[in-house]
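Keep the structure open beside you and try each task before reading on.

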Amino acid sequence: MTAGPSGETAARLLAELPPSPAVWCSGLRKRYRRRTAVEDVSFSVGRGEVVGLLGPNGAGKTSVVKILLGLVRPDAGEVLLLGRPAQDPRARARVGYLPELFRYQPWLSADEVLRLHVRLTGAAVPEGERRECLALVGLADRAGDRVGGFSKGMQQRLGLAVALVARPELVVLDEPTSALDPLGRADVRDLLLSLKAREVAVLVNSHLISEVERVCDRVVILDKGRLAASGTLQELLGQQEVRLRLDGVTARAEARLAAAGGLTREGNSFTIALADEDTATVPDLVADLVALGVRVHAVEPARITLEERLLGILRTGSGGERP
Amino acid sequence: MTARTVPTVAALTVQEAARRRVLRALAVLTVVLLALSAWGFSRIDAEFGGLTSGEARLAAATVLNLVMFGLSLIAALGTAFLAGPTVAGDVESGVALAVLARPVRRGAVLLGKWLGLVVFGCGFVAVAGLTQLLIVLATTGYWPPDPLTGLALLAAQAVVLLTLGLLLSTVISPMASGIVAVGLFGATWIAGVVGEIGAAFGNESVARVGTVSRMLLPTDGLWRGAMNAFQDPALLTRFSDAFRGHPFLSEVTPTPAYLGWAGVWVALVLGLAVIAFTRRDL
Ligand SMILES: Nc1ncnc2c1ncn2[C@@H]1O[C@H](COP(=O)(O)OP(=O)(O)O)[C@@H](O)[C@H]1O
Ligand SMILES: [Mg+2]
């Protein structure tokens, strides 16, 4: 749709590169009248990778997702899904999608909705597998009930089943827990982990940052339609910190602590921003402290949370990666 | 891929039509109309003592066409109000998001919806129309000269209208599209009657109103053809004056060229609907 001749050539060249990523997009731009929804967004999701799409309300997350799935036509930019240009509907053959606005034919039963989606995909999914899929989202005993009688949360669960039913290689979830109770949120987290274990690529857009942090390999942060930051959690959250609760800290012991990295002290609690990622650093430090007569009560890993980092990025508007 | 999408969506649309409340409303309206007509025809039969006199036949033909007009109106209302929600409603509610994110072409989805509506509309016309003809046969003993052509033209009229409804529903809201489609249908019918009256009084420019509106929206021309197929041909020779400018009697059958134009019109409007739907952001 937007790809010119050179764009198509590029798309074909990229498609031939093995292994093609689950999602590859470049230079996406979308305006609604005068309002810019998406501006120059590029990122990719590797096969089997779980990527979180984060950002405040109106950042353009849903718009990006809709562009990827061909529901919205971008003003510029290119998209490849599982190696195929997104203009080709076949690119979506192995893609599952839970929209932010999840609604399914109210006059159909839950199982009929799944059957419809299986048929539209052209896959052959036996009855048993559809049942399993409904069971996975906790709707096993409602398979024959009309969707019109479902609560919001149940419809969202059905939406998850729809996204998963046709054996996808890429699953796109737009705020999958917005209507779910805490139990449902935990279910979705387990579901994401099981997809990750099965090497299904996932692009998930969620407000529950702590959950994203727990399951995502990488995050992409959007702000006002632009890419504010992206990278692995390691890259974004920076260095590891370790917090120790100690007694009987002498001047020599404190010097040893400072040698391990940037030291901050609050009473008995010492926090060290570790200078290197060497796995021996912490055990060596503890052994040395014990030898110096320090009593060690607790040693725990600590680092800034994704939430703190996200707030930092959005407030300062600094898009730069951390060194 | 398209070969898979079209029948799947068509079947879904028929299922939707059958499961929505619209169907119950349609069924109730139809039964009421058929019951009324059964009573009316038995009265005509009793009043005139059988359909032997020319006046009785003329009355019966007029009433039959009047009832058929009622049926075509129900078919028009029904399909127009089904065509609206099936596209615009799905987009508005979000049902379309999950469906169109599947490996399907939007054009194929729209074609499937159209096909489902055509099956539904034609099924309705066939069942309700045939029931009506049987009622007339039972009460008065009258059987129209060309019932198949008449019913086919009625069905074609429904197809024209639902295609228009589908186009409208790709660009405006579900309710509005139904109302606009039915409004245009009514306007064309009135323009057709006006044109007939113009022709009866030999007023060319007034007559042209009917001709032009019949080209712009081919429902009225098809409807006049259907009426012609239902009425007794002997009437036309005996009561030719009564046919002039009569809204429920017709002296013309549509020409092959006009039928061809109706087909082209449907294809054009459907093509426009596909283009509008394909370009749309959801
Ligand atoms: N259909 C639309 N018409 C006009 N503006 C839109 C439309 N969809 C999204 N927008 C605008 O685009 C911006 C991004 O919206 P969205 O992608 O939904 O953000 P997010 O999902 O991150 O909350 C918002 O400013 C929103 O107002
Ligand atoms: Mg959103």
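**Exercise 1: a helix pair across two chains**

In this predicted model, helix α3 (residues 110-121) of chain A packs with helix α1 (residues 2-19) of chain B at an angle of about 155°, their axes being 9 Å apart. Work out how the two helices are oriented, and which residues meet.

*Solution.* 
Step 1. Angles over 145 degrees count as roughly antiparallel, so α3(A) is roughly antiparallel to α1(B).
Step 2. From α3(A), the contact draws on Glu112(A), Leu116(A), Arg119(A), Leu120(A) and Thr121(A), while α1(B) supplies Arg4(B), Thr5(B), Thr8(B), Val9(B), Leu12(B), Gln15(B) and Arg19(B).
Step 3. Sorted by class, the contact of α3(A) with α1(B) has 4 nonpolar, 4 polar and 4 charged residues.

**Exercise 2: α5 and α12 of chain B**

Describe the crossing of helix α5 (residues 106-140) of chain B and helix α12 (residues 256-279) of chain B.

*Solution.* 
Step 1. The axes of these helices come within 9 Å and cross at roughly 135°.
Step 2. The crossing of α5(B) and α12(B) is right-handed.
Step 3. On the α5(B) side the contact is made by Arg106(B), Gly107(B), Leu110(B), Leu111(B) and Trp114(B); residues on the α12(B) side include Val266(B), Leu270(B) and Phe277(B).
Step 4. The contact of α5(B) with α12(B) comprises 8 nonpolar, 2 polar and 1 charged residues.

**Exercise 3: α6 and α9 of chain B**

Find the orientation and handedness of helix α6 (residues 147-171) of chain B against helix α9 (residues 219-230) of chain B.

*Solution.* 
Step 1. The two helices pack at an angle of about 165°, with axes 8 Å apart.
Step 2. α6(B) and α9(B) are therefore roughly antiparallel to each other.
Step 3. Their crossing is left-handed.
Step 4. Among the residues that meet are Leu151(B), Leu154(B) and Val160(B) in α6(B), and Leu222(B), Trp223(B) and Phe230(B) in α9(B).
Step 5. The contact of α6(B) with α9(B) has 12 nonpolar, 5 polar and no charged residues.

**Exercise 4: around ligand 1**

Which residues surround ligand 1?

*Solution.* 
Step 1. The surrounding residues are Tyr32(A), Arg35(A), Ala37(A), Pro56(A), Asn57(A), Gly58(A), Ala59(A), Gly60(A), Lys61(A), Thr62(A) and Ser63(A).
Step 2. Look at the backbone: an N or O atom of Ala59(A) lies 3.2 Å from an oxygen atom of ligand 1, and one of Gly60(A) lies 3.0 Å from a ligand oxygen atom.
Step 3. Turn to the side chain of Ser63(A), where a polar atom lies 2.6 Å from an oxygen atom of ligand 1.

Key. Residues numbered from 1 in each chain as written. Chains lettered and ligands numbered in written order. Predicted model: local features only at pLDDT ≥ 70, side-chain atom pairs only at ≥ 80, totals over all residues. Heavy atoms only, no water. Axes fitted to C-alpha atoms, helices over the stretch in contact; angles between N-to-C directions. Helix = DSSP H or I, 4+ residues; strand = E, 2+ residues; numbered from the N terminus. Left-handed = near helix turned anticlockwise from the far one by under 90°. Contact = heavy atoms within 4.5 Å. Nonpolar A, V, L, I, M, F, W, Y, C, P; charged D, E, K, R; others polar. Near = heavy atom within 4 Å. Polar contact = N/O pair within 3.5 Å; in protein donor to acceptor, adjacent residues only side chain to side chain. Parallel < 35°, antiparallel > 145°, perpendicular 65-115°, else oblique.
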